[in-house]
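Hello! Here is the structure I promised to pass on to you. Have a look at it first, and then read my notes below.

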Amino acid sequence: MNQGNWNGTTYSPLAEQLSPASTEALRSIGHVSTVYDVCAGTGNFALPAAQSGMTVHALDLSASQLEVARKRWIPYPGTTQPTFTIGDAQSLPWPNSSADACVSIFGIIFCPDPSIALAEMMRVTRPGGKICVATWSENGWAAALRREAASAWNGITPLPTTWSSSSEFEKAAAGLESVSSASHLLEWQLPAGSDPVEELCDQAPALKNFREAVRSTGNWASMSAHLRSTLEPYLRSSAPGPVATSEYILHVGTVPNSDTAFFRTRG
């Protein structure tokens with residue numbers, strides 16, 4: 001995983017919009033004693049989990065994102081600040097079977113090999129513990145705009161939709177029990193009278209970079225018109241202004257209490 005791609009990215013309106021996925025993940029794993037947050041970013045999952053009384057260990061490649069997470073921490077009586085570790089999701093620093101749950105919210109899907117990161121999550125979770133992974137589906141503004149941007153500019157890649165179907169995840173997570181996959185919708189409330197393409201590019205760093213690159217060639221007017229057409233299926237009207245939607249999938253499974261030899265081990 002390329003650390004340079006993420007170091008410099010900080011807390012943003014986009015991160016705030018993604019927080020409902022972390023709320024769903026917390027609900028899915030229930031209250032546990034110890035949880036690992038893999039590719040924790042600016043703490044959307046780690047912070048509320050710790051504030052609920054869990055012991056949380058968060059890992060990310062980006063020192064700048066973890067620093068933002070530290071600054072966002074608000075202590076509550078009887079709670080402990082998460083530990084923040086700079087590290088690679090494909091080689092987790094934690095011992096085998098050492099957490100009650102391991103979570104990655106729009107995180108390991110960006111790894112060079114997400115399956116290795118998933119195997120590592122399974123390795124560090126105890127028998128009976130929960131694995132929870134959020135991934136994007138193709139059904140939403142984020143995937144649609146990234147797809148069109150990637151076809152026009154080689155400086156951006158399509159949004160990862162790894163394991164966007166339950167069968168794909170079950171195959172990658174072979175050995176987990178009681179696997180469930182549920183689709184959820186994230187909604188972006190945009191200002192009344194605003195240009196949805198401009199608003200969404202402002203919120204997504206990759207799309208913002210794409211916009212500036214196209215502007216430098218003088219072709220942004222035609223490209224933005226094309227993107228507005230692409231965005232249309234994912235917009236709906238509301239009184240405060242347009243709402244853009246993106247679907248995500250939350251996968252949850254349980255590490256079996258039987259032989260766990262199928263997990264990848266170091267050696």
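**A buried phenylalanine and other findings**

Phe106 counts as buried because its relative accessibility is 9%, where buried means under 20% relative accessible area, exposed over 50% and partly exposed in between (1.4 Å probe, protein chains only). Phe106 sits in the loop between S4 and H5. Its phi is near 50°, a positive value in a residue other than glycine.

Before going on, please keep in mind that this is a predicted model, in which local features need pLDDT of at least 70, side-chain atom pairs count only at pLDDT 80 or more, and totals for chains, interfaces and linings use all residues. Residues are numbered from 1 along each chain as its sequence is written, and side-chain values use heavy atoms, with hydrogens and water left out. The labels H and S stand for helices (H or I, at least four residues) and strands (E, at least two), which are DSSP runs numbered from the N terminus.

Is Ser178 buried or exposed? Ser178 is exposed, with a relative accessible area of 64%. Ser178 belongs to strand S6, and although it is not a glycine, it has a positive phi of about 50°.

S8 pairs with the strands below; two strands pair if DSSP finds at least two bridges between them.

- Strand S5 (residues 125-140) is antiparallel to S8, with 8 bridges; Thr135 stands opposite Ile249 of S8.
- Strand S6 (residues 177-189) is antiparallel to S8 and is joined to it by 11 bridges; Glu187 has Thr245 as its bridge partner in S8.
- Strand S7 (residues 235-236) also runs antiparallel to S8, through 2 bridges; Arg236 has Val243 as its bridge partner in S8.

S7 and S8 form a hairpin with 6 residues between them, and Gly241 in the turn has a positive phi of about 150°.

**Helices**

Helix H5 (residues 114-124) is mostly covered, with 9 of its 11 residues buried. Among these buried residues are Leu118, Met121, Met122 and Val124. The buried residues of H5 pack against strand S1 (34-38), strand S4 (99-105), S5 and helix H7 (166-172).

Two packed helices are described by the angle between their axes and the distance between the axes. The axes of helix H6 (residues 141-152) and helix H9 (residues 205-216) come within 11 Å and cross at roughly 35°; axes are lines fitted to C-alpha atoms, for helices over the stretch in contact, and angles run from 0 to 180 degrees between N-to-C directions. Trp141, Leu145, Arg146, Ala149 and Ala152 of H6 make the contact with Ala206, Leu207 and Phe210 of H9, contact meaning heavy atoms within 4.5 Å.

**How confident is the predictor?**

The protein chain averages a pLDDT of 92, and 91% of the residues score at least 70; pLDDT is the predictor's confidence in each residue, from 0 to 100. Where does pLDDT stay under 50? Residues 1-9 are one such stretch, with 22 contacts beyond four places in sequence, and residues 260-267 are another, with 23 such contacts.

Happy exploring, and do write back with any questions!
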